[in-house]
Amino acid sequence: MPPPADIVKVAIEWPGAFPKLMEIDQKKPLSSIIKELLNQLGDNDYSMENAQNAQQLHERIQSSSMDAKLEALKDLANYSRDVTFAQEFINLDGISLLTQMVESGTDFGDMLSFTLTAFVELMDHGIVSWDTFSVAFIKKIASYVNKFASDISILQRSLAILESMVLNSHDLYQKVAQEITIGQLIPHLQGTDQEIQTYTIAVINALFLKAPDDKRQVSCWEMANILAQKQLRLIILTHVIRAQRAINNEMAHQLYVLQVLTFNLLEDRMMTKMDPQDQAQRDIIFELRRIAFDAESEPNNSSGSIEKRKSMYTRDYKKLGFINHVNPAMDFTQTPPGMLALDNMLYFAKHHQDAYIRIVLENSSREDKHECPFGRSSIELTKMLCEILKVGELPSETCNDFHPMFFTHDRSFEEFFCICIQLLNKTWKEMRATSEDFNKVMQVVKEQIMRALTTKPSSLDQFKSKLQNLSYTEILKIRQSERMNQEDFQSRPILELKEKIQPEILELIKQQRLNRLVEGTCFRKLNSRRRQDKFWYCRLSPNHKVLHYGDLEESPQGEVPHDSLQDKLPVADIKAVVTGKDCPHMKEKGALKQNKEVLELAFSILYDSSGQLNFIAPDKHEYCVWTDGLNALLGKDMLSDLTRNDLDTLLSMEIKLRLLDLENIQIPDAPPPIPKEPSNYDFVYDCN
């Protein structure tokens, strides 16, 4: 079918349009054909412009004039943020040219800073593999970390390059690890520039995270030694966490990653079963018994003393709360928590000896059914703490949830355990629990710990103080209050009233979601290589017909105006909204695919035949707001957890307001009965 006359006219008047026109499906509506043709022509012009700029800058940065070269490098650093320009420049072998300039060592100051900036921007597009760089280039970048410590710009770019090298190549990890040590990085944490501190911790995290599997165990010991001997923890606590300034999101993320990697040092012990035949491991159990019952006299080594000794040990192991009284080593064959539980028990017994002895003797003097079994409790508590702190799991790409108190002690996990085991014993007594209530007590203790952690205590002592205020009685009050809010209005009349007003509430929630989309959200750009300090913004037009989006150079302080966002997507063109593993960017190969937290924050807008707009929400709340809002735009139900919670809250508030006049009046579960029909209808009321 020949194209319509209007389209042919456009093709004749616009050079280069006719070949594009022949590629377009002529069965599409006329408006769609024109739109697609103009888009293709615009993209073609844009690509040609970038190709020309790339060629010019490639020549200018080789100028013999230092001033001209500096201006060219400055322009290159700005242009390199654009992926189309980056592709054109890289096609001209621009990356090799920049690496040669760095390796030559002739550039310093602003010229070197712009060179490194352009290199970082170009590599961030993921077009060129990191495996292609020479040892000379790596050595030069590593040398800048110490040589240009006072030049913030050069130092920041150098650290960013080292981080990317380590995260993206096993070969480069080995080479970088030979050139730079964590000991050399530590002085940069003692400065006052938070950006430098952030990049420094990022490099430390990368070196530890990407250690090859065959060296992972060695790396764990090295990390533990660094944390202990070189006072990395104390430096971070003093110069970062307790510095007189707010911690930004990127720093919070890197501290969270370091926290996770530190706790992951415990994974090996957590997954190690106890060998009942290993005498060194059995000696730990003997030591626990000795510390607790040292005052008791040992039987004489006479005839029959072996049987008496066995009987005494069995009795003592029962008092210590082991499940297997005869051979308590069998209690530590389950993983997790494996040998980590025994390590915690020994630490508690040695470093908090008075509390340990008091707990053991207190429980051994109670009736059997009322004793809190220290051994069993310690094993289950260690397992619970590992679950809470996600020991053994990879850090999330989006989480910022670090706890300052874990940076206040070299043995923070063990101290955490010591506080919690005393809490467990206290809660057991408050609940007057018996052995049948063990699981109930563990549930209450977990709730106490989780509620205390949400307050982000700054020290272990503050955490302990928070737990003191969360007694079993207080937990019961909190539970009762929450239950009353949920179950107050379950009678039939109230349920019918809820059904009646629910559509109004859902419409209110829908309007709120759309208003939030109109305000817009700043999204962080993520890829499979590393977390980036790059952002883009997306917002809905006030008439709810167009999505405006575009890249940002930095995180905005408020709303971004529509006219500053370059790209548009008509809502009418949206075909579907997909989430999680159904998103195109989650199906791609890379680290994001395996990251559960990122998967839960991913959603995509699909439009036209193959167009897509991919999102990683900054948190679960924004994920729910955007998926709800997009579904509302498409006329679909809002199904997020946030909508359910908002609906429950608003319904509860509305019901309470409507029933204020009925306070202290019992509402019957059933409507009043309808009176029987009268025997006859021979009655009349005379209005006169």
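This is a predicted model: local features need pLDDT of at least 70, side-chain atom pairs count only at pLDDT 80 or more; totals for chains, interfaces and linings use all residues.
Visitor: Why does Arg432 count as exposed?

Guide: Its relative accessibility is 69%. Buried means under 20% relative accessible area, exposed over 50%, and partly exposed in between, with a 1.4 Å probe and protein chains only. Arg432, at 69%, therefore counts as exposed.

Visitor: What is phi of Arg432, which is not a glycine?

Guide: Phi of Arg432 is positive, about 50°. Most residues other than glycine have a negative phi, and most peptide bonds are trans. Lys456 also has a positive phi, near 50°, and is not a glycine. Lys456 is found in the loop between α23 and α24 (460–468).

Visitor: Where are Pro336 and Pro337 placed?

Guide: Pro336 is in the loop between α18 (305–319) and α19 (339–351), and Pro337 lies in the loop between α18 and α19 as well. The bond joining Thr335 and Pro336 is cis, with omega about -20°. From Pro336 to Pro337 the peptide bond is cis too, with omega near 10°.

Visitor: How do α26 and α31 pack?

Guide: Helices α26 and α31 (residues 641–658) pack at about 125°, with axes 9 Å apart. The axes are lines fitted to C-alpha atoms, for helices over the stretch in contact, and angles run from 0 to 180 degrees between N-to-C directions.

Visitor: Why is α26 called oblique to α31?

Guide: Angles under 35 degrees count as roughly parallel, over 145 as roughly antiparallel, 65 to 115 as roughly perpendicular and the rest as oblique. The angle of about 125° therefore makes α26 oblique to α31. The residues of this contact divide into 12 nonpolar, 2 polar and 6 charged.

Visitor: What makes helix α14 largely enclosed by the rest of the structure?

Guide: In α14 (residues 232–241), 7 of the 10 residues are buried, so the helix is largely enclosed. The buried residues of α14 are Leu232, Arg233, Ile235, Ile236, Leu237, Val240 and Ile241. In the protein chain of 688 residues, buried residues make up 45%.

Visitor: What makes a set of residues a nonpolar core?

Guide: The residues must be buried Ala, Val, Leu, Ile, Met, Phe, Trp, Tyr or Cys, joined through side-chain atoms within 4.5 Å. The largest nonpolar core here has 74 residues, and among those touching the most other members are Ile61, Phe119 and Ile236. Helix α9 (residues 152–168) gives the most to this core, with 9 residues. A second, separate core of 67 residues includes Leu342, Leu389, Ala433 and Val444.

Visitor: Which residues is Phe119 in contact with, leaving aside neighbours within four places in sequence?

Guide: Contact means heavy atoms within 4.5 Å. Phe119 is in contact with Ile95, Leu98, Thr99, Trp130, Phe133, Phe137 and Ile161.

Definitions and conventions: Residues are numbered from 1 along each chain as its sequence is written. Side-chain values use heavy atoms; hydrogens and water are left out. Helices (H or I, at least four residues) and strands (E, at least two) are DSSP runs, numbered from the N terminus. Ala, Val, Leu, Ile, Met, Phe, Trp, Tyr, Cys and Pro count as nonpolar, Asp, Glu, Lys and Arg as charged, and the others, Gly among them, as polar.
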